[in-house]
Amino acid sequence: MDQDVVLTARGITMTFPGVKALSNVDFTLRKGEIHALMGENGAGKSTLIKCLTGINDYEAGEMHIAGIEGPVKNHSTRDAQNVGISTVYQEVNLCPNLSVAENLFIGREPMTKFGTIDRKSYNKRSQKIMDDLGISVDVTQNLENYSLAIQQMVAIARAVDMDCKVLILDEPTSSLDEEEVEKLFKVMRMLKEKGVGIIFVTHFLEQVYAVCDKITVLRNGNFVGEFTVEELPRVKLVAAMMGKDLDDLAEIKGESVDYSKSEMEISAKGLAHVGTVKPFDLDIHKGEVIGVGGLLGSGRSELARSIYGADRANTGTLKVKDKEVKISQPIDAMNLGMGMLPDDRKAEGIIGDLTVRENIILALQAKNGMFKRLPKAKQDEIADRYIDLLSIKTASKETLIKQLSGGNQQKCILARWLATNPDFLILDEPTRGIDVGTKTEIQKLILKLAGEGKTVMFISSEIAEMVRTCNRMVIMRDGEKVNELDGDLTEERVMKAIAGGEE
Amino acid sequence: MNTDRKKAHFLTKVKNWPLLLPVVSLILVMAVNIVHDAATGVNPLSFFIISLNETTSNGTILYGRIIDILNRGSEVAILALGMTLVVSSSAGTDISVGSVMSLSASFCCMLLAGYGVSSTNELAVPLVVGVLAALFMGALCGAFNGTLVAYLGIQPMVATLILFSAARAIGLLLCNDLIVYVRNDSYGYFGGFTGPIPTPIIIAAICIAIVAITLNKTSMGMYIQSVGINSKASRIAGLNSKRIIFLTYLICGLFAGVAGLVNSSRITSADSNNIGLYYEMDAILAVALGGNSLGGGKFNLAGSIIGAYTIQAITTTLYALGVSTDQAPVFKAIIVIIIVAIQAPPIKAYFRKKSLEKGVAKA
Amino acid sequence: MKTRKMNSNTVLLLITIALFFVLYGGGCIAYSGKGFTHLQTFLNILITNAGLICVACGLTVVMLTAGIDISVGSLVAMDCMMLAVGMEKGIGAVPMCILIIVTGVVFGLVQGFLIGYLNIQPFIVTMAGMFFGRGMTAVICSKQVAITEAMNSTFYSWANAKIVLPFGGYMNNKGKYMAPFLRVEVVIALIVLLLTFLMLRYTKFGRALYAIGGSESSAVMMGLNVKRTKMMAYVLSSVLTSIGGICFCLNTMSGSVQQALGFEMDAISSAVIGGTLLTGGVGNVIGTFFGVLINGTISSIVKTNGKLASSWPNILTAALLFLFIVIQSIFAAVRAKKK
């Protein structure tokens, strides 16, 4: 093994029922290196990290850690900590109601000779740890009094103080502002000096170039390659992440039409939701398919949510069909003819313990109101129609939706919205986790809807499918609408716009 | 081979039958009765015998242990209706129903007798005013609980704790610290007899019918379950989660008012300290016994109702076995623990593992 | 940089303490003629509520883990009945007290195991505990049993021992000096209070309770033994309740099925008024102590007035509970907004 290498993983393979989550992935981390792990949704980043930290149990491949003979296999996060791998997650796994010092030392507090915990000593030690990291906090204050950035830092300090060789930062920056990110970087660089190897998972390209030395890219569970930052400029990185070769889908794009003359469907002025989307203006015309591009966390979903009222917009005005409207919750938007398929199917889409039929008619019923129940015959008719139309594979329409596969669940949610016959339909990642055949079907369906004069907002991580289906694209970066592309959309143009910086 | 598979299929069907738990419990209770009767030399089927008896006070009435259970179990059955909806929508329990029963009864009797009057034969206001007042008071309390839970986001148990301790006390205050007797036949009707049938049974049947029809004819049931299972997704699909949770508490309070009225009518008085005492526990137990998860989501109304009568059957049986009213809770406690323990995730996981191992061994 | 920020929990505690002084001060002004200003009035509040102090301390411990224990009232009743019947049978005071504590440990172990290891909701488990305790009380004896001097002189002497304070007395209208006094149960309760306070603040177990209440999943991630800690919390609650039961019995000197009815709600409301959050992780026994004192002061005022209906203490306590819950939810909302 190379002298500097602290962790190597070779040929890691892992399957979830029916899906190959990782196949033959390699990863190498050296001492004093900040190594970015990149890839779009479903690329296998978090699966790989869970394999390293013992949460997932990989089937093939092995892992080595410097200073330990033979392959290492962790079975729990505790195991991982014992071999020197610590992880800091996006959600801070600390106790907000305890002081900073307690969070650093809980479970391993120094004791006095009376068998009580030695507050003085650990307060002093904690203060030193935080001072060493260059973070000015009063360690006796409760953690909840500090910003997320500081909390993140405390989590890192706890990990580092527990003598770790490998520090995994899993999207620690998604909820931090620029200044806070800078602070975090300072700490990361300091740890790097001390020889800690850091694995950094992020969706923000700028951050990769600001702080990382190496980049490993994964795509669809496959290892794409390990690069130094210099050899992989932004556009190439985006291309590596998105992949250019996944396209064996038929060219299904319709001829381009100029929609700017057609009626206005949605018009937003200065709409914003504090903390997720900065104020944006957006006009959408009837019959358009408008794509929203950007990396995960760029605000692409949040833009749609603020229009739909899933996150109530704090500022700005919204016009629907040239009428100014106030949307305070989704039902208001639905009554204006909108519908939204959310990206997190499990948390916001399916009602797991209800049947396929109930899931399909739910939105239509909600629009009708509680006391105007759809007759059972009508419910059956609607459910059957969509099961047939979208070829949903289910034992019967009375099967619980949670028993269906992900793709079929997604089709049920799609059916739920089609049943309401919306004028403006937002589809947030409708094709995620779905096989290629179904993907094409959904894309065709989008074009068909547009052909019928409906307006569709389409959000996806796969640029290829957006380029194929959209007339126009809005590009989001870091919560801001940075660009609008129309005319001839190509993957390269879109990627450049998403990457930004060096046009 | 084929019959084997058929047998297995039948077994899984039985295993997944939502009413399995309450029905099995009910059968167990009946079995205990039969065995006990047989052992003491009484006709083993005396549990099921219903007869018409002549009484001096009420004329010809139905008589029998089953009638008694149905009669005495009415209040818990009525409460269990509301409690089921509350548990489903908010994954919490309304512990104030017993106190609210007492308050509703006190308010009703106070109006019927007039403030400060401890005993009356004449009604101060028409009966219907008193009845509506009881229902109104129940609904008001329900609305208070619902506001705290749905709109202020307070844990159900904490929110309902307030009325749990205050409602009974307010009732006492309304009655001027007295037990108010309304010795008027018309008031005794709700706890008395309609023809040969005890009126509480009829009232419970009406309440059950109203809820069943509402659930059948509107989509309230789906709304409540949907919110209980996944309130975020329900909101995105256009349901007003908060309003639905509020509604379930309102209904629960209203039924507590009905139950309070029945309970007070039985004794033609408002005994604030004793009406509805521990009824919240029985109502919650009925829901759990009915096979409903106290974690919210899917509910089964029929289960809760059977659960409510099972509890009454247990109580009646215990009395028949010579256990005193005061001692009965010991057995209830043991039953509660057994029911929740067999549903606990670690125990379920253990048995699943066991049966898997067995399956492997067979293969 | 060392200026301590006031955090909202400290504010809540201060509100509670201030409320106590306002209530008590109000009582003093309104009923000065009826002896409310005498030190003994305050000491009587302590004497009557000594049992409640112990029980509420136990509940605070459980509530810190985001749990609840509603079995405490019937456990107190069971303890009193055991003491009364035991002494009727001629068992000594000390063995009886030990038996009571052991019963508490067993009771707590069962409840704690079901909650901690089997993951059953605390409310349901302790509701069963509540049924069980009340039922067992009746099984032990269904009549009211009074403890007399003839039965057990030791216990009787404990109950009647006066601990006279050297200050704060007054002359009664016959010109006799009335020295203020405490009782044994108050001393026990104050010791329990102090020990619980120290335990919560200075032991690993105490801090683990806060950690679990703050975020159970984080506590697991940080390597704490969450299951065992939760179980021990319920054991502690039952043990403190048992001690509270002894204190309660020293005050009432009898056992009956109807005793300590609704005691669990008094204890919970004391803890909540004292700033303990039912969502866990926040609170301490000092607040709970003041919560008990507030409850006691309300009862005392109503009693001193003599004309108010007996249900007023319940209503006022519930109103205070309502007030505090609303304040807490507002604080929580503000905190959420800041993030």
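**View 1. The hairpin of strand 13 and strand 14 of chain A.** In this hairpin, which leaves 2 residues between its strands, A:Lys321 adopts a positive phi near 50 degrees. The model is a predicted one, in which local features need pLDDT of at least 70 and side-chain atom pairs count only at pLDDT 80 or more, whereas totals for chains, interfaces and linings use all residues. Residues are numbered from 1 along each chain as its sequence is written, and chains are lettered from A and ligands numbered from 1 in the order in which they are written. Strand 13 of chain A and strand 14 of chain A (residues 323-325) pair in the antiparallel sense over 3 bridges, where pairing requires that DSSP find at least two bridges between the two strands. Helices (H or I, at least four residues) and strands (E, at least two) are DSSP runs, numbered from the N terminus. Across this pair, A:Leu318 stands opposite A:Val325 of strand 14 of chain A, and A:Lys319 stands opposite A:Glu324 of that strand.

**View 2. The sheet of chain A with the order 11-10-13-14.** This open sheet of 4 strands has antiparallel pairing, and its edges are formed by strand 11 (277-285) and strand 14 of chain A, each of which pairs on one side only. From one strand to the next, the twist averages 20 degrees; axes are lines fitted to C-alpha atoms, for helices over the stretch in contact, and angles run from 0 to 180 degrees between N-to-C directions. Helix 9 of chain A (residues 300-308) packs on the sheet and touches strand 10, strand 11 and strand 13 of chain A, with a direction that makes about 110 degrees with that of strand 10 of chain A. Two residues are in contact if their C-beta atoms, placed from the backbone, lie within 7 Å. Within the sheet, strand 10 of chain A (residues 264-273) and strand 13 of chain A (residues 315-320) pair in the antiparallel sense over 5 bridges, and A:Ala272 stands opposite A:Thr315 of strand 13 of chain A.

**View 3. The sheet of chain B with the order 3-4-7.** Here an open sheet of 3 strands shows mixed pairing. Strand 3 (119-120) and strand 7 (269-270) of chain B stand at the edges with a single partner strand each, so one side of each is left without a neighbour in the sheet. Strand 3 of chain B and strand 4 of chain B (residues 180-182) pair in the parallel sense over 2 bridges, and B:Ser119 stands opposite B:Tyr181 of strand 4 of chain B. Helix 5 of chain B (residues 97-113) packs on this sheet, where it touches strand 3, strand 4 and strand 7 of chain B, and its direction makes about 65 degrees with that of strand 4 of chain B.

**View 4. The packing of helix 4 and helix 10 of chain B.** Helix 4 of chain B (residues 74-90) and helix 10 of chain B (residues 220-229) pack at an angle of about 40 degrees, with their axes 6 Å apart. The two helices of chain B are therefore oblique to each other, given that angles under 35 degrees count as roughly parallel, over 145 as roughly antiparallel, 65 to 115 as roughly perpendicular and the rest as oblique. Helix 4 of chain B contributes B:Leu85, B:Ser88 and B:Ser89 to the contact, while helix 10 of chain B contributes B:Ile224, B:Gln225, B:Val227 and B:Gly228. By class, this contact has 3 nonpolar, 4 polar and no charged residues, with Ala, Val, Leu, Ile, Met, Phe, Trp, Tyr, Cys and Pro counted as nonpolar, Asp, Glu, Lys and Arg as charged, and the others, Gly among them, as polar.

**View 5. The contact of chain C with chain A.** Chain C gives 22 residues to this contact and chain A gives 19 residues. On the side of chain C that touches chain A, the elements that give two or more residues are helix 9 (204-214) and helix 10 (216-221) of chain C, and helix 9 of chain C gives the most, with 6 residues. The side of chain C that touches chain A divides by class into 9 nonpolar, 9 polar and 4 charged residues.
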